[in-house]
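The following note collects points on the complex shown below. They begin with the contact between the chains and then turn to confidence, packing, strands and backbone angles.

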Amino acid sequence: MFLKNKRRHWFDFLVAMTEKEIKARYKRATFGFLWIILNPILQMVVMGFVFQFFVPVSVDNYFLYLFAGLLPWNFFSQSLTKSTPAFFYERNLIKKAKFPRESIVLSIIFSNFFHFLVALLLLIGALIGDKLFFENYGLIQLVFYVSRMLWLFPALILLLFFTIGLSLFTSSLNVRFRDINFIIQLAVMLWFYATPVIYALNLLPEFLWPIFYLNPMTTIIELFHFALMGLPITLINFIWVAVILIIGIFYFGYRVFKKENVNFDDWL
Amino acid sequence: MTVFKEKTLRNRKKSGEVVINLTDVSKKYIITHDKPTLIEDVNRILRFEKKEEYWALENVNLKIHKGEKIGLFGANGAGKTTLLKIIARISSPTSGKVQTKGRIISLIDLAAGFHPDLTGQENIFLNGLVIGMSREEIRDKFNQIIDFAGIGDFVTAPLYTYSNGMKLRLGFSIAIHAKPNILLLDEVMSMGDRDFQEKSRQVMKKMFNNDVTLILVSHFVDHLKKYCNRLIEISK
């Protein structure tokens, strides 16, 4: 009974915190929720315009390719950079009230995830509309096309777990070692170029491919490219490397958080 | 060694049930001065130095029974707030055991869980959840909370439009409507205007006669004498 109440409260609290994150972000912004979609579109247009001259990606539509990769990447990078200093920013609350602290990080990630899903649904709508009206897909072709999108579910789950695990790890360490925040800011910037968002993996020399798969984001972005645009996954067996890495990082991040959590009050 | 000097003012009928039980609780803080923790750690390892330590609490043993009203006072730095934080489980003891029974609500800062851009209503829900209420409870008590805080039409206005007094009143109002089994109050009795102080005094008096276990921290011993049946002076 008590345990059930506790779990219920944990869930309610997480929902309320996530709601707060979503509401507070666009309060008093005239364009409000429009920013969810405006931001990646502008990014896509500018990057697409510049990079199409440098990166000879062999896909029909480089702009769509960019967009399909930028959405998950933005979710990941924004969640990580925002949640890393989160415990430090919420020190007032942590030092003065007892509540499930992981919800600080989780609410940031889930509110970003909500925004990401909205943008993703709009992209899917645009893709299906394109196939229907401009490429005159028949019904069977369309069913095939849409059923491939079911691959989005494993991709989303992997992305979510990876982001949560890594963010719990960095945000917990940042309580004591404030350099972590700066390291992450730099790392995310470099990480972007180590992930096939603006380029495709098959443009690189073949011996480099396995190294790129040590980066779980490579696998995740390729899964998105596959599900949304039907591009093949370069090394299909290496998906398991990412799955194992992500489970490991999630577990590790959770353990570090559990261990450091009891000492947060002493270091903030 | 942390020393407790105790004095019982009024005898209440003791229910016998121990709701807070601290056994050999100690709390150590590590002093870091101005250097970043990473440099300090590396330095220490290179020079084989020990960490600089500070014991805020040493071997504290404390049993509090259900319904007792404790007044806690002592010099600055004696460990009053540390003790409250350990009971509330905001902080964890370096050694020793902490056992508590029931819902604990700690008011170390009344406005800690508020967000300036959200409305009063949204903040009531958020803060209520922060201190451990369920959604249904907050919904049931919603009108009472607003009435007691006396914020009127401001309930739909964002919190940054509130005066400091209004924020404190709202925080206090949420806390007393949360039906705690154990209530920890840190220097919060001297806030708000005269009207509100009178109102909170009434609430405190009412609490004296019910089952809520109360720990009140204040420098004003006269205050404590009014509301408490057991005074504890804490010192090094």
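1. The contact between the chains draws 24 residues from chain A and 26 residues from chain B, two residues being in contact if their C-beta atoms, placed from the backbone, lie within 7 Å. On the side of chain A that touches chain B, α1 (2–26), α5 (91–94) and α13 (264–267) of chain A each provide at least two residues. Helices (H or I, at least four residues) and strands (E, at least two) are DSSP runs, numbered from the N terminus. The largest share of that side, eight residues, belongs to α1(A). Its composition by class is 14 charged, eight nonpolar and two polar residues; Ala, Val, Leu, Ile, Met, Phe, Trp, Tyr, Cys and Pro count as nonpolar, Asp, Glu, Lys and Arg as charged, and the others, Gly among them, as polar.

2. This is a predicted model, in which local features need pLDDT of at least 70 and side-chain atom pairs count only at pLDDT 80 or more, while totals for chains, interfaces and linings use all residues. Residues are numbered from 1 along each chain as its sequence is written, and chains are lettered from A and ligands numbered from 1 in the order in which they are written. The predictor assigns the complex an ipTM of 0.80 and a pTM of 0.87. For chain B the mean pLDDT (the predictor's confidence in each residue, from 0 to 100) is 81, and 89% of its residues reach 70 or more. Within chain B, confidence is highest in helix α4 (residues 135–149), at a mean of 89, and lowest in helix α1 (residues 37–47), at 70.

3. Which residues touch the most other members of the largest nonpolar core? They are L184(B) and L216(B), in a core of 61 residues. Such a core is a set of buried Ala, Val, Leu, Ile, Met, Phe, Trp, Tyr and Cys residues joined through C-beta atoms within 7 Å. A residue is buried if 20 or more other C-beta atoms lie within 10 Å of its own, exposed if 12 or fewer, and partly exposed in between, with C-beta atoms placed from the backbone. Helix α5 (residues 164–176) of chain B gives this core its largest share, six residues. A second, separate core has 54 residues, among them Y62(A), F116(A), I184(A) and I246(A).

4. An open sheet of three strands in chain B has the order β3-β2-β5, with antiparallel pairing; two strands pair if DSSP finds at least two bridges between them. Its edge strands, each pairing on one side only, are β3 (53–65) and β5 (95–100) of chain B. Strand β2 (residues 18–30) of chain B is joined to β5(B) by five bridges, and N21(B) has Q99(B) as its bridge partner in β5(B).

5. Strand β6 (residues 104–107) of chain B is covered on both faces, with I104(B) and S106(B) buried on one side and I105(B) and L107(B) on the other. Four bridges link β6(B) to strand β7 (residues 182–186) of chain B, and the two run parallel. The partner of I105(B) in β7(B) is L183(B).

6. Two residues other than glycine deserve a check of their backbone angles: phi is near 45° for N59(B) and near 65° for R89(B), both positive values. N59(B) lies in strand β3 of chain B and counts as partly exposed because it has 14 C-beta neighbours inside 10 Å. R89(B), in the loop between α2 (80–87) and β5 of chain B, is partly exposed because 15 other C-beta atoms lie within 10 Å.
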